[in-house]
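Subject: Handing over a structure

Dear colleague,

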Amino acid sequence: MDTFLAWIRLALPTEVFANLLTENLAMIELIFDQLKSEDEDNLNIAVKCVVELMTVSRVAKNNFGDFSNLVMNKVQTLNDHVQQVIQSGDFETADQFTEIFIELAFSNMQQIIEQGSPLIYILIALLEMNESDCHAQLPFWKDLFRRISRIEDKAQRMAKFQTFEHVVIKLVNLIIKRAKMEDSMFVDFNKVPSSSSEFEELYAVREDLASLLKSLCKSCGPMTIYQLLGQHLSSAVASLQQVTTDPDSNISIYLEIECLLFCTTQQARCIDA
């Protein structure tokens, strides 16, 4: 696998590369079989090989359709396996597969915009895993909504946003979920300096989520996102007002409000920006 990865990165002429692999299908089968390997090193190399294959197949799409279709069809067969990985909660393996499905999504961006695609829901499911890597998906989502926002015809643009409205709602809900800090961290936040290294991981995740939120604001309009955040905030405040027990036992509500205030602050920065 290491040797193949080194070979695939030699930047051979696309024609040579496509012909060699088309004539040696067993090699492609071997690579995709390794994606189900329990050996972490083999899986890591296999993922890199598949991403390289997909990059080449995207370039070769016009002149070497058979090769391109072969690779993309093999990737499509991974859907069930990825769903199993998601259900298992193995976020490290999920992050590996995110690389593949992000490349696949970029390869089919126009189709996703025009017709939709199950790829959207796979990426969202991967993002829903609490410890999965948010950063890897940022370029795709930002590019998707940027392209939609650049549709010249206003009626078509608004119709397309309506088509993707449920996706926007899911993403906003995910941003809120992923930006929320843990109970213990919330307590420490009031006792430890905010510059403490203890909060570095939280800040890193929030930076990525803020970037995605701002991208949604620029594409859908900040007030659209504000309305979604406002619904969550109103619900959280209402829950807090109904509480009559020890405030310390209601930390989850405070966590929700703190997180929503963070998100609203990011949204507000997009107004008149």
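What follows is a short account of the chain as a whole, then its salt bridges, then its surface.

Please keep in mind that this is a predicted model, in which local features need pLDDT of at least 70 and side-chain atom pairs count only at pLDDT 80 or more, while totals for chains, interfaces and linings use all residues. Residues are numbered from 1 along each chain as its sequence is written, and side-chain values use heavy atoms, with hydrogens and water left out.

The chain holds 16 helices and 0 strands, these being DSSP runs numbered from the N terminus (helices H or I of at least four residues, strands E of at least two). Its C-alpha trace spans about 70 × 50 × 30 Å along the principal axes. Of its 273 residues, 44% count as buried, where buried means under 20% relative accessible area, exposed over 50%, and partly exposed in between, with a 1.4 Å probe and protein chains only.

A search of the whole structure finds 5 salt bridges, each a side-chain nitrogen of Lys or Arg within 4 Å of a carboxyl oxygen of Asp or Glu. In one of them, Asp143 pairs with Arg146, the closest N and O atoms being 2.8 Å apart; both residues lie in helix 10 (residues 138-149), 3 residues apart, about one turn of the helix. Asp143 is buried, at 9% relative accessible area, whereas Arg146 is partly exposed, at 35%. Asp143, Arg146 and Arg147 are linked in a network of salt bridges.

Helix 16 (residues 251-268) takes part in pairs that reach across the sequence. The side chains of Lys180 and Glu256 meet in a salt bridge (2.5 Å, N to O); because Lys180 lies in the loop between helix 12 (165-179) and helix 13 (183-189) and Glu256 in helix 16, the pair ties together parts that are 76 residues apart in sequence. The side chains of Glu258 and Arg206 also meet in a salt bridge (2.7 Å, N to O), and since Glu258 lies in helix 16 and Arg206 in helix 14 (residues 200-220), this pair ties together parts that are 52 residues apart in sequence. Arg206 is buried, with a relative accessible area of 7%.

On the surface, a patch of negative charge includes Asp39, Glu40 and Asp41; patches are made of residues with over 30% relative accessible area and no salt bridge, like charges being joined within 9 Å and nonpolar side chains (Val, Leu, Ile, Met, Phe, Trp, Tyr) within 5 Å. Glu40, in helix 4 (residues 40-59), is exposed, at 58% relative accessible area.

Definitions and conventions. Accessible areas come from the Shrake-Rupley method with a 1.4 Å probe; for residues, only the protein chains shown count as cover. Lys and Arg count as positive and Asp and Glu as negative; His and the chain ends are not counted. The place of a charge is taken as NZ of Lys, CZ of Arg, CG of Asp or CD of Glu.
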